[in-house]
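Try each task before you read its solution.

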Amino acid sequence: MGDDATNLLVLDTNLNIVDAIPLISYTGHRIPKNIKPDLEASALNADNLFLFGSGSLSPYRNSGWKYNLKTKDSNSINLEPLYLKAKDSGIAQINIEGACFVAGKLILVNRGNKGYPYNHLIITDEKFLDNDSSFQIAIIPLAAQKDTASFKGISGLCYARESDQLIMTVSTEDTRSSHDDGAIGKSYLWIISDISTKVNGRTLGNKRVIDLEYIDPRFKGQKIESAVVIRETSKLIYLVLVADNDDGSSTVFKMSLSKTVSLAE
């Protein structure tokens with residue numbers, strides 16, 4: 001799903017487009033920036049695909065959707081109670097960019113920027129998705145970055161279930177706002193091991209860092225917005241990465257990732 005798109009694209013395993021599911025009613029090809037729902041995060045739970053607006057511009061970006069893959073039913077979700085609770089918990093600027101389910105919890109990532117140089121994980125339970133107002137949240141701040149001039153913002157999440165690793169896509173962008181785009185810098189992967197044991201804690205520990213442009217020059221100038229695990233073997237994790245370059249086009253990459261490289265800060 002694109003943040004200003006009207007359709008949900010369905011790809012086969014060779015990344016060919018096989019279907020387009022109408023999700024948002026709008027006559028143009030791209031929804032204008034000032035009214036788009038800004039669907040920046042998605043997460044699959046059983047047969048339901050959840051899509052989350054970023055919350056960076058109220059009220060347009062405070063909605064989400066639940067799409068059932070079997071019944072094809074689509075329902076909107078009011079995200080405002082969650083985002084208000086996140087603000088009350090200390091996140092000054094809401095900008096949700098990634099989501100995944102881990103050990104029965106929904107993890108959302110809130111991306112910072114040069115003007116607000118903080119990334120946070122927001123962890124909640126499934127009561128929220130059932131419109132149960134008693135839902136609770138926990139906030140885990142990621143390690144502060146000393147060099148805010150090259151602030152690295154988290155742009156997506158996915159979960160490698162077999163190896164219990166949280167994989168975050170990260171990029172630098174020349175912006176001091178939660179809703180404005182900026183010049184694209186570099187993209188990275190950050191990986192946290194044993195994540196299912198950490199979702200109830202306050203810290204995530206050390207992270208493994210991968211500079212994507214360093215390992216392959218084809219990543220130069222690409223703003224990696226999201227990743228998904230397509231399979232795992234005993235030694236490798238196979239990923240699909242998506243770049244959104246703010247011009248209405250997207251680029252999709254396939255890559256394999258070793259499970260055994262040592263941690264680095």
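**Exercise 1.** Find the order of the strands in the open sheet of four strands, then find what packs on this sheet.

*Solution.* This is a predicted model. Step 1: read the order, which is 7-8-9-10, with antiparallel pairing. Step 2: find the edges. Strand 7 (96-102) and strand 10 (137-141) each pair on one side only. Step 4: look for a helix. Helix 1 (residues 80-88) packs on the sheet and touches strand 7, strand 8, strand 9 and strand 10. The direction of helix 1 makes about 50 degrees with that of strand 10. Five bridges join strand 8 (residues 105-110) to strand 9 (residues 120-124). Val109 stands opposite Leu121 in strand 9.

**Exercise 2.** Which strands are the edge strands of the open sheet of three strands?

*Solution.* Step 1: the order is 15-16-17, and the pairing is antiparallel. Step 2: strand 15 (224-232) and strand 17 (250-258) pair on one side only, so these are the edge strands. Step 4: nine bridges join strand 16 (residues 236-244) to strand 17. Tyr238 stands opposite Ser256 in strand 17.

**Exercise 3.** Why is Leu11 classed as partly exposed?

*Solution.* Step 1: locate Leu11 in strand 1 (residues 7-11). Step 2: its relative accessible area is 39%. Step 3: buried means under 20% and exposed means over 50%, so Leu11 is partly exposed.

Technical notes:
Residues numbered from 1 in each chain as written. Predicted model: local features only at pLDDT ≥ 70, side-chain atom pairs only at ≥ 80, totals over all residues. Heavy atoms only, no water. Helix = DSSP H or I, 4+ residues; strand = E, 2+ residues; numbered from the N terminus. Buried < 20%, exposed > 50% of the residue type's maximum accessible area, 1.4 Å probe, protein only. Pairing = 2+ DSSP bridges. Contact = heavy atoms within 4.5 Å. Axes fitted to C-alpha atoms, helices over the stretch in contact; angles between N-to-C directions.
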